[in-house]
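Student: I am new to this structure and would like to go through it with you. Could you start with the terms that I need?

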Amino acid sequence: MAGFAALITFFLCTQLRKNLKRDGVNSPWSQYLLYAMCTAIALMAMSFNYESRPIFQLLIYVLATGVVTLPYTVEEFRSSRSLVNAVIPIVAVGLLTFACEHLFPKLYESIDTFMESAIWFAVIWFCAMWFINRRQNKALEIERVKRRNEEEQNRMMAARKITLESEVKQRTAELTQQKEELQQTLAELKSTQAQLVQQEKMASLGELTAGIAHEIQNPLNFVNNFSEVSIELLDELKEDILSKLPEETKEEADDIINDLTQNLAKINQHGKRADAIVKGMLQHSRASTSKKEPTDINALADEYLRLSYHGLRAKDKSFNAGMKTSFDESIGNVDTMAQDLGRVLLNLYNNSFYSVAEKKKLKGEGYEPMVNVSTKHITLANGHNAVEIVVSDNGMGIPQKVLDKIYQPFFTTKPTGQGTGLGLSMSYDIVTKAHNGELKVDTQEGEYAKFTIIIPTNG
């Protein structure tokens with residue numbers, strides 16, 4: 001029976017070591033169990049010596065008892081209790097048999113049959129429990145494998161989920177970018193469509209205005225020409241015929257001729273005013289045939305500044321004003337309608353020079369008229385590039401009460417006979433509609449006026 005107990009101890013130590021390895025427990029008890037296995041084999045071999053047999057048998061049972069108690073005293077072997085339960089009856093019956101045989105021989109002889117039955121019962125119990133434990137272990141192993149597979153699947157699914165989320169984010173970003181591009185393209189198409197519709201309307205209105213202006217031009221020419229001729233005829237009449245009249249009628253005739261001359265002069269004056277308005281209408285309604293082409297903005301601004309200044313000097317020799325320019329050389333060429341943009345600049349320059357000239361008449365020698373022109377490359381709020389052209393002066397400024405009307409056709413701040421009120425209106429249309437830009441004004445009455453042109457670029 002002691003030899004069988006030694007084999008059971010050896011087997012139990014083997015299983016406990018396997019369970020430690022299965023559970024992934026790194027413990028010094030694995031090494032101790034290996035020593036116990038070797039000790040069990042050695043004690044079993046020594047127990048065959050008849051003289052010292054009882055001592056070694058006792059040691060075998062002590063070793064077996066110590067191994068059996070491990071699952072109940074050491075936490076690492078907690079999962080092996082079901083296996084130990086199969087071994088406990090054999091160890092207990094063997095130890096009891098050994099004690100009765102050596103300590104109570106007479107009692108042992110009387111219960112010998114009972115002890116043999118107990119031994120067989122313990123063996124059958126061991127076999128049954130071993131079988132049940134094996135089935136449980138297989139079930140546990142299957143469950144463990146299943147759990148590992150589920151964990152692996154979960155890990156793979158988590159990794160796949162992360163990959164899919166990354167792909168979804170990337171795709172969402174691409175779709176968002178495409179959406180923004182499409183929205184920008186749609187906005188550009190709508191803007192282009194609006195410009196085309198506006199150009200079509202302006203072209204139709206321009207044709208109508210041009211036709212009316214041409215029709216008005218002819219009678220205006222007759223009025224102006226015949227008023228001038230009539231004034232000349234009255235002058236001749238006054239020189240040749242008035243002297244031949246009697247003294248009593250000469251004074252009355254002279255007054256009548258003077259009144260007629262003054263009336264004709266007023267007719268001629270207002271006829272020329274109407275003629276200037278008609279010419280402005282023709283210029284304002286003229287359909288632009290310009291195409292956008294690369295233009296040196298700095299050269300264009302400087303050229304028309306000199307042209308405006310010398311044009312005014314040719315009309316009024318006493319006119320004089322200072323000019324300052326600050327050009328951004330990094331601008332380069334910009335796609336614009338050079339001829340139309342030149343008309344805008346020329347109109348702004350003429351207004352500035354007129355304003356400083358009027359202020360010079362009021363202030364006298366203590367005032368230095370100055371017109372400033374600058375260009376600069378800027379970035380708009382939408383991220384697009386643009387060119388900024390600023391025309392400023394230290395002249396009369398614009399009254400705040402009429403600031404909202406300056407872009408209206410036929411509205412002017414100049415005295416009657418000195419402006420048609422079409423220049424800024426035409427300039428506003430060219431900048432905002434033809435170039436899709438902005439024309440802004442900043443002014444303080446009696447101090448300064450500053451006009452800012454913003455032209456978007458393709459860069």
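This is a predicted model: local features need pLDDT of at least 70, side-chain atom pairs count only at pLDDT 80 or more; totals for chains, interfaces and linings use all residues.

Student: Then where is T375 placed?

Tutor: T375 belongs to strand β4, which covers residues 370-379.

Student: Is T375 buried or exposed?

Tutor: T375 is buried, because its relative accessibility is 5% and the cut-off for buried is under 20%.

Student: Which backbone atom lies 3.0 Å from a polar atom of the side chain of T375?

Tutor: That atom is the backbone nitrogen of D328.

Student: Let us turn to charges. How many salt bridges are there?

Tutor: The count comes to seven salt bridges. One of them joins E152 to R155, and their closest N and O atoms are 2.4 Å apart.

Student: Where do E152 and R155 lie?

Tutor: Both are in helix α6, at a separation of three residues, or about one turn of the helix. E152 itself is partly exposed, with a relative accessible area of 35%.

Student: What about R306: with which residue does it form a salt bridge?

Tutor: The partner of R306 is D302, and the closest N and O atoms of this pair are 3.2 Å apart. The two residues share helix α8 (residues 297-315), where they are four residues apart, about one turn of the helix.

Student: How accessible are R306 and D302?

Tutor: R306 has a relative accessible area of 34% and is partly exposed. D302 is partly exposed too, at 25%.

Student: And which residue pairs with E358 in a salt bridge?

Tutor: E358 pairs with K361, with 3.4 Å between the closest N and O atoms.

Student: Why are E358 and K361 separated by about one helical turn?

Tutor: The reason is that they are three residues apart in helix α9, which covers residues 338-363.

Student: Now for the surface. Which residues form the positive patch?

Tutor: The positive surface patch consists of K18, R134, R135 and K138.

Student: Which helix gives the most to that patch?

Tutor: Helix α6, covering residues 112-240, gives the most, with three residues. R135 is in helix α6, and R135 is exposed, with a relative accessible area of 57%.

Student: Which residues gather in the patch of negative charge?

Tutor: The negative patch on the surface brings together E232, D235, E236, E239 and D240. Among them, E236 is found in helix α6. With 44% relative accessibility, E236 counts as partly exposed.

Student: One last topic. How far apart are A194 and K433 in sequence and in space?

Tutor: In sequence, A194 and K433 are 239 residues apart, while their C-alpha atoms are 9.1 Å apart in space.

Student: Where is A194 placed, and what is its relative accessible area?

Tutor: A194 is placed in helix α6. A194 is partly exposed, with a relative accessible area of 46%.

Note on methods
Residues are numbered from 1 along each chain as its sequence is written. Side-chain values use heavy atoms; hydrogens and water are left out. Patches are made of residues with over 30% relative accessible area and no salt bridge: like charges are joined within 9 Å, nonpolar side chains (Val, Leu, Ile, Met, Phe, Trp, Tyr) within 5 Å. Accessible areas come from the Shrake-Rupley method with a 1.4 Å probe; for residues, only the protein chains shown count as cover. A salt bridge is a side-chain nitrogen of Lys or Arg within 4 Å of a carboxyl oxygen of Asp or Glu. Lys and Arg count as positive and Asp and Glu as negative; His and the chain ends are not counted. The place of a charge is taken as NZ of Lys, CZ of Arg, CG of Asp or CD of Glu. Buried means under 20% relative accessible area, exposed over 50%, partly exposed in between (1.4 Å probe, protein chains only). A polar contact is a pair of N or O atoms within 3.5 Å; within protein, one must be able to donate a hydrogen and the other to accept it, and residues adjacent in sequence count only if both atoms are side-chain atoms.
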